Amino acid sequence: MASVSNEGQRPPGRTALTDMTVMTHDNPDGGKPGLVITELAHLGKINLRGGSDMLPVISNHTGCSALPDNNRVVSVGDRHIVWLGPDEFLLLCAAGSETHLHSQLTLDMAGIHAAVTNVTDSLCALSLRGKAVRRVLAKGCALDLHSSKFGTGDCAQTMLAHAAVTLIAHDAPGFTLVCRTSFAPYVTEWLMDAGLEFGASFRG
Amino acid sequence: MTKSVMTRAGLFTRAAPQQLSRSAGGGRIDRSKPVSFTFDGCSYRGYEGDTLASALLANNVHLVGRSFKYHRPRGILAAGSEEPNALVRVGRGARAEPNLRATQVELHEGLYAESQNRFPSLKFDVGAINSALQSFFPAGFYYKTFMWPASMWMTYEHVIRHAAGLGRVADEHDDPDRYERIHAHCDVLVAGGGVAGLMAALQAARSGARVILADEQNEFGGWLLGEADVTIDGDTPAGWIAGVVAELAAIDDVTLLPRTTVFGYMDHNYLTLTERVTDHMASPPAHLPRQRLWKVRATQTILAQGAHERPLVFSGNDLPGVMLAGAVRTYINRYGVVPGNRTVVFTNNDDAYRTALALDSAGAHVLVVDLRRDLRGELVKSVRAAGIEVLSGHAVTIASGTQHLARVQIAPVNEGGSTVLDDPFHMDCDLLAMSGGLSPAVHLHSQARGKLGWDDRLLCFKPTTVHEASFNAGAGNGVFDTEKAIADGLKAGGAAAKAAGLTVSDTEAPAIEAPNQSWRPLAAWKIGNGYGPGQGPKAFVDFQNDVTASDVGLAAREGYQSVEHLKRYTTLGMATDQGKTSNINGLAILADALGREIPEVGTTTFRMPYTPASIGAIAGRDIGTLFDPTRLTRMDEWHRANGATFEHVGQWMRAWYYPKDGETMQDAVNREVLAARTTAGILDASTLGKIDIRGPDAAEFLNRLYTNSWLKLGIGKCRYGLMLKDDGMVMDDGVTTRLGENHFHMTTTTGGAAGVLDWMEEWLQTEWPDLKVYLTSVTEEWSVATLSGPNAAKILQAAGIDISLDTADFPFMSMREAHIAGLPVRVFRISFTGELSYEINIRARHGLALWTHLMAAGEAFGLTPYGTEAMHVLRAEKGFIIVGQETDGSVTPQDLGMDWIVSKVKPDFIGKRALERASMAMEDRKQLVGLRTRDRRRVIPEGAHAVLDPNEEMPMTMLGQVTSSYYSPNIGGSIAMAMLKGGRALMGGTVYLPMLDGDVIEAEVVEPMFFDPKGERING
Amino acid sequence: MLLITCPHCGPRDESEFSCGGEAHIARPLAENNLTDAEFADYLFLRDNPKGLFLERWRHAAGCRRWFNMARDTVTHEIVEIYPMGSGPASQAGKAAHAASWRRDTAAEAAAKPAPKARAKKEQVS
């Protein structure tokens, strides 16, 4: 799965990290920082609760042919369906596209028992890249992040230090991290601190 | 000698003495890298590769500490983590760390260390008077002496606390160093990197396992690093080890952790390790943590921590200069230090003969005193062939000297060494190398609840069955022989890999050449000294806790027959040492005193940590701002820019009040409270919990969740609800709005948000899975500004809201979707102040924009931001409760006078049956009332207790407590709410609130409603 | 720290879970003829056995789903994990369930709808 990008239009408004200044810890060994944090500002996020009868509607609007298996992500283009639980998914889409998508899904699911909720502003998405990403995450996350155990297209809801996060692994040595917006400054500060020995940067 | 060493040693301290005990060559120290260090104010020199202990010994410094109880002079006993005596304080100022074993402290340039447990100095210590009075300090001394009278305990405790404890913590308490934690997973964790551990790790890694190999020393190899008489595949031990380590290091999925102690073994193969990352560096780089705590979840573990040599228990065995034989050999071979010239090797087994040979080769004079009578075997032959005298059937019965071993008394003894058979003779000596056999380091195995069995031949406890997915290997498994230990490691590595689901690699064990020796010691637990039982100089069992053989005997006679009781009574095997050198000797002596066999007596439970772990590493980065997340609302920037003070509400920071220049808190709150009732106030209510509820059974679910009825709530209407636990006690409250036929928007208290969502999920998943309802948290999706006051509607109009605000069009307790400044909003006409009030919800990205827009629109009306304090006052004026303030988990709706919200007709709701219990109707339950102070200016402190008779003798009959209390500028006096026993019946009466200073506040019991009792202001 | 296999998310550290205490405590219907003492069996009394214990757990930091777990309180062995609403499948789990004093309580009997009511409910659903 390609990484989550955020190429959509950027609607006005602020994010929880708007005021966070750009930060850098140099890589002590020289070269690129081992961790590069970028906010995927306003990335569209729609929470889906429901069963397999949601599939035709979701399929219609995302192009995916199946809902993701447990702990997996299904991606078609810039739309990603992230498994959160047996009846819960997080749909990621380009910034600005969530309002329309939310209305469409809500309308089309009127006949079935499902909940489609726009949580774009509830959650913050960060792109984490760099050689040291797994090692940095391991400082606060008890999951086995070895690439053989948590590889491309895998996802998990877990704890990173004291914050609940959703981690999504991509094929590049990168992750998308999703957390509650009110935890985003803490998570960013924690990641920058944990990345000290490898070099780390937050680009906003 | 380098220039820098000259500078440090020569200019600033007195010249360092020569390393008199350093051998001419050999060892794993780097003689081209001299290092200077300070111990107890004196400057010394050692080499890179030294430990503090080896460097001190090289400088002929043996006296390194005073013992815990008797302040006896103590020297270096061992060469590893089992060292009980040489506890030192390393570093200065905030970096000082006590109780480090000098045998584990790696030397680096500028190392600063001090001895412990002595005053004023190591050589002259006033506490040593305890030693002279030693007959007054028997086992259980503290228990016996400080028992009575009980009233004196506080005094005793002060004295004991001063005298007790090992070492002294850092003088400054802000640790300047960085510590980290990290999680790790592996197929096979190998604890211990000696021969067995290395072989096990190699085999597992070759089989494709993800391996973590941890060893507490600076380099892998264990005992082998101290052996000069072994070859492996024709190579030196060091050569073979280097090859294995290089192979392991080249494998991606192998993590090598030297300087790392596996100190805890918890359930389901969860182990904790401390890695000392920079402790060995003179100037550590800033980006590295000083120590790192590893939390490892291993599929399989291999415990290969080796074995500890046991001391022999004879009189004077604790003198500096008395060392373990294996340690002596390690100092000679690994560190190039010969710790004595006239030496006695005292043993009950073959292994010490290797030490005799090493001493002899190093040029020392050696006498071997062996408890055994029938001496056979190659090692004995080799020793005799080297011209070393061997006395069989003899023992060192007494060692003596003032601050260092000077003389030993040697005598022929009986089979077990307990009885002296003939006159002794004396011999001058400066080193005694003793060996009482080996004890496998079963600590981790035992922590993990593995079982131990007594080996009658090797005289030790060794692992039998495991409780976790683990294997034991090598000396820790009772396999002491190098060749067999390697084979054991190979076997364990394969078995662990197989158990982890891998195909085992075809690895052959290397060929070993080592002395052919027996590993069977003679059982000789307590060496006689020619005096009567319990007489003569002390013979120590536990050096660290100053427990003697007589203490163990006394405890047994006093009835402490269980080994666990013995441990507590005598402190045997406690403290940082965890009985590494003392455990078996203590058990054996106890067994003897009780006339039982050792296995019958059993062992104490080994507890973590194996060696002390620093609190810093356990805390990791959970310090400062990373200790706990701080959550900010999306309007926070405005509050901060406008001088708000904040209060913590759970993890949230909420604006508390907004003081203007010169205002006190009371001034500011008064102004904010008045504004909300005279014009309008605005509150950031974003932190309220919000839950989106959807599904055909949503209304039915709410009907069961709340005490009141929800089925007929109209779309667009809001309703207040009270949630109970199933015991009938109030747990949360809030307003819920019907957005559609099957769609509701619930609000909860700020603190209750997460708990209420979990609570609802629990009922849906576990009790009512048939209900079709989905819940989604939207707490942070919406920022909320609450406009409250007579001018609230005018301000909203000025802000450009695009809907009619007429009460007819937009009545109280309803919701409308609208736009403000072109941005979509949801407006809820609900009120927590009793004033005309709008809760405006907007997508969080626009939260700050909405707030600033409303502030601008309200400027002409004197719109005043108010914080949580004013919010509390405003709601208290109206008698509205706050869950968690008026309630404490023991309060029913009836107690709050809220019977009106409890449905009489619903067949069920959570808490319904519990409310019908007879005890819920008792008249003396605490009930919510208002309090009106007679002195209207007097504000009762919250938490004050009310009584009916202020003159009653203490303890007074207490009615209950004040839950909320404020000055109300709108009333012009103090208001309070209280939960009082039988409170409703006290209405109109007087209660008294005695204060700590003897003052008594008098208050009338009134209805908890102080302002606008008829609710006439709700429509502005 | 226990390693608990969430039925949905796989093996996770115990710290990601919250324990909901004793499982299989049926909730009496609110309209019942239980005495307060009998009702207290449901409301207040919880078992604390040495040995196998049937518990409710929730993957709080993950999928937030509840499940049942048969855990030995002495050895910490997790004998089985099974879904909410079903009973244990293992012999040991079944025995622990059957042996509970709770099986004989009036509170548990009052949790079951009368046969007639149950039939009616099934028809509706």
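How many salt bridges are counted between chain A and chain B? The count is 10, a salt bridge being a side-chain nitrogen of Lys or Arg within 4 Å of a carboxyl oxygen of Asp or Glu.

1. Basis of the note. This is a predicted model, in which local features need pLDDT of at least 70, side-chain atom pairs count only at pLDDT 80 or more, and totals for chains, interfaces and linings use all residues. Residues are numbered from 1 along each chain as its sequence is written, chains are lettered from A and ligands numbered from 1 in the order in which they are written, and side-chain values use heavy atoms, with hydrogens and water left out.

2. Chains A and B: extent. Chain A brings 48 residues to the contact and chain B brings 47 residues; contact means heavy atoms within 4.5 Å. About 4,100 Å² is buried between chain A and chain B, and carbon and sulfur atoms give 47% of that area. Buried area is the accessible area (1.4 Å probe) that two parts lose on being put together, summed over both.

3. Chains A and B: polar links. One salt bridge joins B:Arg292 to A:Glu197, with the closest N and O atoms 3.0 Å apart. Across the interface of chain A and chain B, 29 residue pairs are in polar contact (both at pLDDT 80 or more). A polar contact is a pair of N or O atoms within 3.5 Å; within protein, one must be able to donate a hydrogen and the other to accept it, and residues adjacent in sequence count only if both atoms are side-chain atoms. By class, the side of chain A that touches chain B holds 17 nonpolar, 17 polar and 14 charged residues. Here Ala, Val, Leu, Ile, Met, Phe, Trp, Tyr, Cys and Pro count as nonpolar, Asp, Glu, Lys and Arg as charged, and the others, Gly among them, as polar.

4. Domains of chain A. Chain A is divided into domain 1 (23-41 + 121-202) and domain 2 (44-118), with bounds that come from an automatic or database domain assignment. Taken over C-alpha atoms, the centres of the two domains of chain A are separated by 24 Å. The contact takes 12 residues from domain 1 of chain A and 10 residues from domain 2 of chain A.

5. Between the domains. Domain 1 and domain 2 of chain A bury about 940 Å² between them, with 58% of it on carbon and sulfur atoms. A:Leu123, A:Cys155 and A:Gln157 supply 43% of the area that domain 1 of chain A buries against domain 2 of chain A, more than any other three residues. The count between these domains of chain A is one salt bridge. A salt bridge links the side chains of A:Asp154 and A:Arg72 (2.7 Å, N to O).

6. Chains C and B. In this contact, 26 residues of chain C meet 30 residues of chain B, and the area buried between chain C and chain B is about 2,500 Å², of which carbon and sulfur atoms give 44%. Seven salt bridges are counted between chain C and chain B. C:Arg27 also forms a salt bridge with B:Asp726, the closest N and O atoms being 2.8 Å apart.
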